[in-house]
Amino acid sequence: MKKIGIFYGSTTGTTEKIAHDIGRILGVPDTDIHDVASTPPSKVGEYGILVLGSSTWNDGELQDDWYDFIAGLSVIDLQGKDVAIFGCGDETMSNTFCSAVGEIHDRLKDTGAKFIAPYDVVGYHFEHSGAVPENAVEAEGLLLDEVNHPELTASRIAGWCTLITDAAKG
């Protein structure tokens with residue numbers, strides 16, 4: 001079974017809480033859940049599956065702590081690593097909802113990583129997201145809206161974690 005590491009950036013605490021919720025479901029100990037503000041990108045070398053999470057800010061930008069971490073991560077050879085991405089956002093930001101998920105995906109697409117666990121956006125209403133490729137029915141990862149749809153969070157996390165668990169076995 002591949003070892004899972006969770007890496008998150010959080011300003012208000014929501015993404016941190018979600019990272020720990022995901023960790024509990026996946027059986028990931030707190031010692032394998034990392035705040036990107038205080039973690040070197042090289043730490044990902046310890047894991048076969050990387051679960052990466054960011055909230056979306058302003059015009060679809062990453063959470064502030066992600067910029068240095070993603071710059072370092074994007075130059076690491078991630079061949080053989082599975083990457084699952086989750087993001088927190090507010091669907092009333094209709095043109096940028098959870099776009100940080102797409103930003104992480106795009107910045108890591110040339111690293112050799114294998115992206116796993118795309119997820120549907122059923123239940124949300126937004127015009128555009130950088131996390132959803134054009135003409136796609138699924139986002140590049142798990143999108144969560146704790147502001148407008150907290151009732152969807154637990155079931156979406158559970159369903160998404162099943163995809164990660166399946167990847168961990170293989």
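How many of the residues of strand 3 are buried? In this predicted model, strand 3 (residues 49-57) is mostly covered, since 8 of its 9 residues are buried.

**View A. Strand 3 beside its parallel neighbours, strand 1 and strand 5.** Strand 1 (residues 4-9) runs parallel to strand 3 and is joined to it by 6 bridges, and within this pairing G9 stands opposite S54 of strand 3. Strand 5 (residues 82-88) is likewise parallel to strand 3, with 7 bridges joining the two, and here I49 has D82 as its bridge partner in strand 5.

**View B. The hairpin of strand 3 and strand 4.** Strand 4 (residues 61-62) runs antiparallel to strand 3 and is connected to it by 2 bridges, and the bridge partner of T56 in strand 4 is L62. Between the strands of this hairpin there are 3 residues, and N58 takes a positive phi near 50 degrees.

**View C. Helix 1 packed with helix 4.** Two packed helices are described by the angle between their axes and by the distance between those axes. For helix 1 (residues 14-26) and helix 4 (residues 150-169), the angle is about 50 degrees and the axes lie 10 Å apart. The two helices are therefore oblique to each other, and the crossing of helix 1 and helix 4 is right-handed.

**View D. The residues where helix 1 meets helix 4.** From helix 1, I18, D21, I22, I25 and L26 take part, and they meet T153, I157, A158, W160, C161, I164 and T165 of helix 4. Sorted by kind, the residues of this contact comprise 9 nonpolar, 2 polar and 1 charged.

Key. Residues are numbered from 1 along each chain as its sequence is written. This is a predicted model: local features need pLDDT of at least 70, side-chain atom pairs count only at pLDDT 80 or more; totals for chains, interfaces and linings use all residues. Side-chain values use heavy atoms; hydrogens and water are left out. Axes are lines fitted to C-alpha atoms, for helices over the stretch in contact, and angles run from 0 to 180 degrees between N-to-C directions. Helices (H or I, at least four residues) and strands (E, at least two) are DSSP runs, numbered from the N terminus. Angles under 35 degrees count as roughly parallel, over 145 as roughly antiparallel, 65 to 115 as roughly perpendicular and the rest as oblique. A crossing is left-handed if the near helix is turned anticlockwise from the far one by less than a right angle, and right-handed if clockwise. Contact means heavy atoms within 4.5 Å. Ala, Val, Leu, Ile, Met, Phe, Trp, Tyr, Cys and Pro count as nonpolar, Asp, Glu, Lys and Arg as charged, and the others, Gly among them, as polar. Buried means under 20% relative accessible area, exposed over 50%, partly exposed in between (1.4 Å probe, protein chains only). Two strands pair if DSSP finds at least two bridges between them.
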